[in-house]
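Please read them with the model open.

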Amino acid sequence: MNETALQAVAVHKRYRLGRQEIPVLRGVDLAVARGETVALLGASGAGKSTLLHVLGLLDAPSAGEIRFDGRRVDDLPVRERAALRHRHVGFVFQFYHLIPELTALQNVLLAQMMAISPLAYWRVRKQARADAEAMLERVGLQDRLRHRPTELSGGERQRVAIARALMASPQALLADEPTGNLDSHTAAGVCELLFDIQRQRGLALLLVTHDEGLARRCHRTVRMKDGVVER
Amino acid sequence: MYRLFLALRYLLTRPINVLGMAGITISVWALVVVVSLFSGFLQVVESHVHAASADVVVGDLPAWSDWRKVEAALRDDPNVAGVAPRLLHFGILSRPGHRPPTPPLPGRSALHGGDQPFLFVQGVEPVAETEVTGFAGWLADPAIPSELRCESAPLAPAAAGPTVLVGLDRMRRDGLRRGDRVLLTTAQLRGDGKGGKTPVKVQLDLVVGGAFKTAHSGFDGNTVFVAASLLRTAMFPDQPDWAPEAAVRVRDAATLDATAERLQRAVIAVVERDGHGFGTAQTWRQRNAQFLESIAHQRGLMQLVLVIIMVVAAFLMLATLSMMVTEKVSDIGILTAMGGTPRGVASVFLACGIVITGCGVVAGLALGVVTGVYLEEVRRAVRWTTGIDLFPIDVYNLDRVPCAIEPMWLAQVAGMALAVGILVSFLPAWRAARHDPLVSLRGL
Ligand SMILES: Nc1ncnc2c1ncn2[C@@H]1O[C@H](COP(=O)(O)OP(=O)(O)OP(=O)(O)O)[C@@H](O)[C@H]1O
Ligand SMILES: [Mg+2]
């Protein structure tokens, strides 16, 4: 068995709405190993996105633990959690979230700038640029380097987002309905790319989806309902 | 790195931010130019005033004081290079048989004298006066035409009577020539024998000996020189040993204030009666403090107004930055997911403010310095195109608009602008920091 890259242990998440507390996650246990692909299925509002955010340290669990490579990380200080988000996990979202002011290349380069000072970046700028170009080539966008997000199709935007997520060489990829906004043909291409890269790099991939066909291509399928994982 | 990079990209894609920058540039520019103009003007006026003054004047010497003792005490000081007695009175100069001249354009000379009839009558001893001021130079100024120039020894009595020296501009305006007869009319309070005092008219027949010219036209317009002995005989015949004022020249101007204080103590020690010392020593700066401070005060008011404008400019920047934050909060989610801390992401907007302020300050300083250096050319261009004279240099005896760009002031302006700009930038950044990054990530 490979080591677990990402793990949720008895995770609870409650949101407070005024006086009311809304339980969204109610004791979720989930582990994703290196090289493993896990599909996360469930009705809308089941808490899939919430689990993804908590697992990626974007949101803090109300109770329970998050572990990266077996080490507890949800109780670390803000800065260390941010650094782990940068290094350990890559996110891909349904709505791409590219920065409209930047070109495809700059969007990818931005990922490299996140954790270093301007001076440090200046020293590695050539390498960083070459890496970003190589990454965009890897996702098939070598002719779209200078395009703004508005000048790219949905599929191309998602490829840029994938390139960006991979730029810091994370061990885990968290994808929240990455094809939810794409037609089936484009979606297939993007999925192909995702699985390809996952295999090549031995990533842990957690894929939130409504597509049963896509789920079947994963090693494992996990279903959520009302904030718990169905057995 | 991402902060600086994003801040620059955000700014470059939003030309509206130029507005915020322009506001800061303009306010910095105005602060540099206006204050440098005032500082330059103040420097020029100070130098003019100084050129027409003795370094230190010891005044308020009582009528019973002994000039010889005062002079000896003053000369005793190591920093004193020369001492001269002065008698000061007032009077009206008129030409018998001539109509009084028409007054000059109103407003032009109120500050600088010339249109009011009352004059300061300075009684000086020419030799001693030459020792303490530029008196000899004032009579030899190249601007004085030969027919108005004093030819004999200054203030030496002419065949027709005692002489008076009149400021060049007043000579010209009144149409006076060397050798003209003038009447100096003045008055004095004298004891009436019953314990009271009554004003007594005193008139002196004088001959114009020549013109003088200092750099300070206000002094020239309001002053005439006569021999000290003449004034003493006419006004104070009972006090042959008295001079109400002593003009002093110092050797080292750097220690002027300390010297004045020493002279004050020295004169109090010799002019003493019933345990009270008399006499006050004032530097030229102190004697003209009101005039000089009024300019400094105007400069201070301008500074205040312009700093307020700078704050307004900073609010303009706040408005453009706030618009940007409203538009860009949607990027906060992904930046957080990519490994930014909430504070770090918010500081992108702070960086925007700092970049705008920094560029505005640099542009404003550069523009301000260039405008300051070429202020005279700017004045001419404005006068040529619009007919408006921004600064009447001829009134002040200048050939250029004065301008003193002080590095200290540039640093202060830059510091103030940066402080205000950065302070204001914290507001949008703070708003961004409070924004929940997950809101945009949920795809809303
Ligand atoms: N900030 C919040 N405050 C209150 N309730 C919230 C908040 N965020 C999410 N929720 C609730 O949590 C529940 C789970 O949301 P979540 O986005 O995880 O669902 P999901 O499984 O991803 O659904 P979908 O398939 O539609 O994306 C929803 O009922 C939602 O209303
Ligand atoms: Mg969801």
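**Notes on the model**

1. Strand 1 (residues 4–17) of chain A pairs with strand 4 (residues 63–68) of chain A in the antiparallel sense, over 5 bridges. In this pairing, A:His12 stands opposite A:Ala63 of strand 4 of chain A. Please keep in mind that this is a predicted model.

2. Strand 4 of chain A also has a partner in strand 5 (residues 71–72) of chain A; 2 bridges join them, and they run antiparallel. Here A:Phe68 stands opposite A:Arg71 of strand 5 of chain A. The hairpin formed by strand 4 and strand 5 of chain A has 2 residues between the strands.

3. A:Asp69 lies in the loop between strand 4 and strand 5 of chain A, and its phi is positive, about 50°, although A:Asp69 is not a glycine. Most residues other than glycine have a negative phi.

4. A:Tyr96 sits in the loop between strand 6 (89–92) and helix 3 of chain A. Is A:Tyr96 buried or exposed? With a relative accessible area of 9%, A:Tyr96 is buried, since the cut-off for buried is under 20%.

5. Helix 3 (residues 104–113) of chain A contains A:Gln112. A:Gln112 has 16% relative accessibility and therefore counts as buried. Which residues is A:Gln112 in contact with, leaving aside neighbours within four places in sequence? They are A:Ala128, A:Arg129, A:Asp131 and A:Met167.

6. Ligand 1 lies between chains A and B. There are 13 residues around ligand 1, and those that come nearest are A:Ser44, A:Gly45, A:Lys48, A:Ser49 and A:Thr50. Helix 1 (residues 48–55) of chain A supplies the largest share of the shell around ligand 1, with 3 residues.

7. The polar contacts of ligand 1 involve side chains of both chains. On chain A, an N or O atom in the side chain of A:Lys48 is 2.7 Å from an oxygen atom of ligand 1. For A:Thr50, the distance from a side-chain N or O atom to an oxygen atom of ligand 1 is 2.5 Å. On chain B, a nitrogen atom of ligand 1 lies 3.1 Å from a polar side-chain atom of B:Arg442. Ligand 1 has 630 Å² of accessible area on its own, and the protein covers 67% of this.

8. Helix 15 (residues 407–433) of chain B has 27 residues. From its first C-alpha to its last, helix 15 of chain B reaches 38 Å, close to the 39 Å expected at 1.5 Å a residue. Its buried residues include B:Trp409, B:Val413, B:Ala417, B:Gly421, B:Val424 and B:Pro428. What covers the buried residues of helix 15 of chain B? The cover includes helix 2 (17–51), helix 11 (289–328), helix 12 (330–337) and helix 13 (342–373) of chain B.

9. B:Leu410 is found in helix 15 of chain B. B:Leu410 is classed as buried because its relative accessible area is 18%, and the limit is under 20%. Not counting residues up to four places away in sequence, B:Leu410 touches B:Val32, B:Leu365, B:Val369 and B:Ile405. B:Leu410 and B:Arg299 are 111 residues apart in sequence, and their C-alpha atoms are 15 Å apart in space.

How values were computed
Residues are numbered from 1 along each chain as its sequence is written. Chains are lettered from A and ligands numbered from 1 in the order in which they are written. This is a predicted model: local features need pLDDT of at least 70, side-chain atom pairs count only at pLDDT 80 or more; totals for chains, interfaces and linings use all residues. Side-chain values use heavy atoms; hydrogens and water are left out. Helices (H or I, at least four residues) and strands (E, at least two) are DSSP runs, numbered from the N terminus. The expected span of a helix is 1.5 Å times one less than its number of residues. Buried means under 20% relative accessible area, exposed over 50%, partly exposed in between (1.4 Å probe, protein chains only). Contact means heavy atoms within 4.5 Å. Two strands pair if DSSP finds at least two bridges between them. A residue is near a molecule or strand if one of its heavy atoms lies within 4 Å of it. A polar contact is a pair of N or O atoms within 3.5 Å; within protein, one must be able to donate a hydrogen and the other to accept it, and residues adjacent in sequence count only if both atoms are side-chain atoms. Accessible areas come from the Shrake-Rupley method with a 1.4 Å probe; for residues, only the protein chains shown count as cover.
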